[in-house]
Every structure is written in structure tokens, then in C-alpha cells.
Amino acid sequence: MSDNYQPPKVWTWDKSGGGAFANINRPVSGPTHDKALPVGKHPLQLYSLGTPNGQKVTIMLEELLAKDVSAAEYDAWLIRIGEGDQFSSGFVDVNPNSKIPALRDHSTTPPTRVFESGAILLYLAEKFGHFLPKDPAKRTETLNWLFWLQGSAPFLGGGFGHFYNYAPVKIEYAINRFTMEAKRQLDVLDKQLAQHTFVAGDEYTIADMAIWPWYGNVVLGNTYNAAEFLDAGSYQNVQRWAKAIADRPAVKRGRMVNRTFGEPSEQLHERHDASDFDTQTEDKRNA
């Protein structure tokens, strides 16, 4: 790599140039191997990893269960993206884009596949009638912020997070460019939250569940080790909101599901029943 790099007339793939994710990044789609996905006992089958995008859905499901929506019981299967599980034939059949999370709802005939985290949140909200306001204006505002997140998070993750935390070479221009955008987005949220308890208003919605795993985790220091670098404490309204969401019992459970990193006590690699949380806690106690 060089500061004087000039793009070629036609780009060609350099397999050795992908940094931390070189083994899974490629410029083509489709499966690399044949493997069927497991299916558990519940109608909702989730295939995911406890990244911010994965946390959105497990938080939503745990919040539904906290409301005694028994039909929201689910099996959460671990997809190890570092090992290429997302390129199995079974996973590609659920999500041709090979990204987590992916959901298959076996309560329909044939089963319904749902991919893209925002689409899954919307699907579950409409299916079960929670966390998406019925009032047209409030519903629209919630969707405004849900789609804001879907468009903004790539700048925070693939932009700021990648170049600040993961890139094999620290590129000043790239870090400055995406830090500026990350801070602009935090300012957008901070001004919105100065006027409202939650992102879309005074009601907890799928907008909060979508946005918190990204921006809440960043300002609380849970992602990219970048809270100080971003001066996260200066976004006081985001801090207030992020801490309040983090304290919700369903959020605490949802963060654990399919998580393979961090403190062992905060990891639940697979989830097939609510009692799995108790079993995981007991296992750590006896370890």
C-alpha cells in the first residue's frame, strides 16, 4: 500500500489485501459449500451472530417475550462469519446476500424467509403488533428512524469502525472522513433525543432496537474502543438514552445471544429456550 496509490483502469481482486477479513471477503456471491441449516423446535429460526446487526433482532425477540408473546419463542443458531458459515448453501437460501442476521418463519406455509436486520424488525413488529405505533404519524416517524439507521450504520461500521479499529493500515484521510461523519450522526441523534425520551418520540420502538446496538454500544464504550476518541461523553442526550436502553432486562438478554466475544458471562452462543440464560449463568458460576 502506498500514499501515492493510483487506481488501475480495471480493478482486480487481491486476495492478500483484505486485512482482518481477507478470508471471508470476495467480490462474488453465492455458496462456497453445501450445508443445510439446523432447525429447532420453534417456528422462528434465527441464524445470526452477536454483532450490532444481530443484536437488533435478539433484543426485539426478547422484548416480545417480555410482553408474554409466547409465539415469539425462537431458536437462535450461531453463524460464525469468520469461518464462512454465511456462505453455506443453507444460509444463502435464506439470505442470498450472505449477511447475518437471517430469519425463517416456519409458522407460514411455505416458510417465510426474512433477511436484512431492519426488515426482520419490521416483520416481527407487524406480525406480533408491538413496538411499531398504530398512529400513522408515529408509525411514519418510527420508520423514518429505522431507515435512517439502515442508511447511516454503514458509515459508522464499515466506515469509521473499519478504518479506526480493523484496517491493517491507519489511513489519516479515511479515519478523518468517517470520524467526521460518525460525529455528525451522533449530533443528529443527540438533538433528537434532547426533545424525546426515545428516538422516534416518547414510545420505545423498533427504531431504538435498531439504533442502540450501533450508536448506544459505541458511546458506552462497548464497540471499537472509540468512546474517548469520539468524545462520546459530550453527547449527553445519547448517553442518557443509551444507558436507559442498556438497563432493560430484555436488552441484556438479547445482547448475550449468539455472542462469542467479550466477557464469558455475557455470551450465550445458542439460544433455544428461555431457560438457556439460567443454564449459562449456572455454568459460569461453576466454571
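A residue is called buried when its relative accessible area is under 20%, exposed when that area is over 50%, and partly exposed in between (1.4 Å probe, protein chains only). By that criterion strand β2 is mostly covered, since five of its five residues are buried. The structure is a predicted model, in which local features need pLDDT of at least 70 and side-chain atom pairs count only at pLDDT 80 or more, while totals for chains, interfaces and linings use all residues. Residues are numbered from 1 along each chain as its sequence is written, and side-chain values use heavy atoms, with hydrogens and water left out. Helices (H or I, at least four residues) and strands (E, at least two) are DSSP runs, numbered from the N terminus.

**Domains and annotations**

- The domain assignment of the protein chain gives domain 1 (14-131 + 256-286) and domain 2 (136-254); such bounds come from an automatic or database domain assignment.
- The centres of domain 1 and domain 2, taken over C-alpha atoms, are separated by 21 Å.
- Contact (heavy atoms within 4.5 Å) links 24 residues of domain 1 with 23 residues of domain 2.
- Between them, domain 1 and domain 2 bury about 2000 Å², of which 64% is on carbon and sulfur atoms; buried area is the accessible area (1.4 Å probe) that two parts lose on being put together, summed over both.
- UniProt, in an unreviewed entry, lists residues 45-132 as "domain: GST N-terminal"; UniProt positions are given in the numbering used here, feature names are shortened, and annotations may be inferred rather than shown by experiment.
- Residues 45-132 are 38% helix and 19% strand, and their end C-alpha atoms lie 22 Å apart.
- The UniProt annotation "domain: GST C-terminal", also from an unreviewed entry, covers residues 135-268.
- Residues 135-268 are 64% helix and 0% strand, with end C-alpha atoms 37 Å apart.

**The sheet**

- Four strands form an open sheet with mixed pairing, in the order β2-β1-β3-β4; two strands pair if DSSP finds at least two bridges between them.
- Because β2 and β4 (112-115) stand at the edges, each with a single partner strand, one side of each is left without a neighbour in the sheet.
- From one strand to the next, the twist averages 20°; axes are lines fitted to C-alpha atoms, for helices over the stretch in contact, and angles run from 0 to 180 degrees between N-to-C directions.
- Strand β1 (residues 44-48) runs parallel to β2 and is joined to it by five bridges.
- Across this pairing, Gln 45 stands opposite Asp 75 in β2, and Tyr 47 stands opposite Trp 77 in β2.
- Tyr 74, Ala 76 and Leu 78 point one way from β2, whereas Asp 75 and Trp 77 point the other way, and all are buried.
- In a regular strand the side chains alternate between the two faces of the sheet.
- β3 and β4 run antiparallel and are joined by four bridges, with Asp 105 opposite Thr 112 in β4.
- A hairpin of six residues connects β3 to β4.

**Helices on the sheet and a nearby loop**

- Helix α1 (residues 52-66) lies across β1 and β2 and runs at about 150° to β1.
- Helix α3 (residues 117-128) packs on the sheet, where it touches β1, β3 (102-105) and β4, and its direction makes about 130° with that of β4.
- Asp 85 is in the loop between β2 (74-78) and α2 (89-94).
- Not counting residues up to four places away in sequence, Asp 85 touches Leu 78, Ile 79, Arg 80 and Phe 91.
- Asp 85 and Ser 98 are 13 residues apart in sequence, and their C-alpha atoms are 8.9 Å apart in space.

- Ser 152 lies in helix α4 (residues 136-166), and Ser 152 counts as buried because its relative accessibility is 7%.
- Not counting residues up to four places away in sequence, Ser 152 touches Gln 185 and Tyr 215.
- Helix α7 (residues 236-246) has Val 238, Gln 239, Trp 241, Ala 242 and Ile 245 buried.
- The cover over these buried residues of α7 includes α5 (172-193), α6 (206-219) and α8.
- In helix α8 (residues 249-256) the buried residues are Ala 250, Val 251, Gly 254, Arg 255 and Met 256.
- Asn 258, which follows α8, has a positive phi, near 65°.
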